[in-house]
Amino acid sequence: MPIKNRFAEMLPEITEWRRDIHRHPEILFDVHRTAGLVRDRLRDFGCDEVVEGIGRTGVVAVIRGKTDTGGRTIGLRADMDALPIHEETGLDYASTVPGAMHACGHDGHTAMLLGAAKYLAETRNFDGTCVLIFQPAEEGGGGGREMCEDGLMDRFGIDEVYAMHNWPGVPAGTFAIRPGPFFAATDQFAITVTGQGGHAAKPHETVDPVVAASHMVLALQTVASRNVDPTQQVVVSVTALKTSSNAFNVIPGAAMLKGTIRSLDAGVRKLAGEKLKHIATSTAATFGAQAEVDWMPGYPVMVNSEAGTEHAIAVARKVGGDCADAPLIMGGEDFAYLLEERPGAFILLGNGDSAPVHSAGYNFNDEIIPAGCSWFAEMVETRLPLD
């Protein structure tokens, strides 16, 4: 089935929802206005249940089909939060909140799932139950984890769960996906190197933490090049180096490193963390300094189930005619928490030739709304077919 005509008819309405959300971006869990808008729309649509406060500020809606002979439930998820970026698009519906914008298209994801909700509540052409999940705090807050810890899956009896993300650089309205590991685990680290400061003219009287930290930056690259199987993917990036002094003629007493490790395998993730700590402490010791490592686990690897991927591809082909093979992505995605709880899949929807996500010039492409709504709705109708 191609794009559903109903969504082409609804495009102006859904676009206005999206642009309203875009004008009023909210960060992390502080999505009260957006969640309220979502709640009110879902109630207006006639959803059977609308529950607030799941995962702090998440909203969940339940729509029951015409029949329920199999007792199965499909979950669909969209994220609601924005980013702490100052918008530079110049659009007439640009952010009205200084320092915040929808730079990743979550406004579009939310609007598309709302569009699908309206259609599914009107038609109910499926056998079973659909659960619509509107999640806060995808951008670093772990809102997906919070919703799962609030009992999302068991409370609503979800059997499979699916989500999508717009993707610049992929032709508008087309789909791409891959089975297995898809988005990376996103761990962070902070290393404090402590030495003994002193006058820059007398370095022999000091234990220079800058020298130790500089060697550490280079040594940490061996995590990828000499410790991890070269057929596995891992990225170790030191993204900040600062010291306890800003003077030209002072060797500081301490230096601090910050960075991230990205990996696509649980074993590699564990190994990389262990090697990071060993390299940091041993390198510091070589120069007579000490290193304290603060390891901050981030999102886990997001893994599409084999069957879930096949179902997502089949629907993408119905809607768009084809579904491309997506590359591995070293960015993180907290839909990983939902896929740890239930089988399912995460798919990319092309945003066309737009600015990249997480940039001040990005904008969601409203022309892809019918394709996204159709994929959401068709996932339910295909996985829960009427006899």
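Is Phe-182 buried or exposed? Phe-182 is buried, at a relative accessible area of 0%. Buried means under 20% relative accessible area, exposed over 50%, and partly exposed in between, with a 1.4 Å probe and protein chains only.

This is a predicted model, with residues numbered from 1 along each chain as its sequence is written. Local features need pLDDT of at least 70, side-chain atom pairs count only at pLDDT 80 or more, totals for chains, interfaces and linings use all residues, and side-chain values use heavy atoms, without hydrogens and water.

**View 1. Phe-182 pairs with Phe-346.** The structure holds nine aromatic pairs. Rings of Phe, Tyr and Trp (its six-membered ring) pair if their centres lie within 6.5 Å; planes under 30 degrees apart are stacked, over 60 edge-to-face, the rest tilted. Phe-182 lies in strand E7 (residues 180–183) and Phe-346 in strand E16 (residues 344–352), so the pair ties together parts 164 residues apart in sequence. Strands are DSSP runs of at least two residues (E), helices of at least four (H or I), numbered from the N terminus. Phe-346 is buried too, at 0% relative accessibility.

**View 2. Tyr-299 pairs with Tyr-337.** This pair is edge-to-face: 5.7 Å centre to centre, 80° between the planes. Tyr-299 sits in the loop between strand E13 (290–296) and strand E14 (302–304). Tyr-337 belongs to helix H10 (residues 335–341), 38 residues apart from Tyr-299. Both tyrosines are buried.

**View 3. Ring pairs build a cluster.** Its members are Trp-167, Phe-182, Phe-183, Phe-335 and Phe-346.
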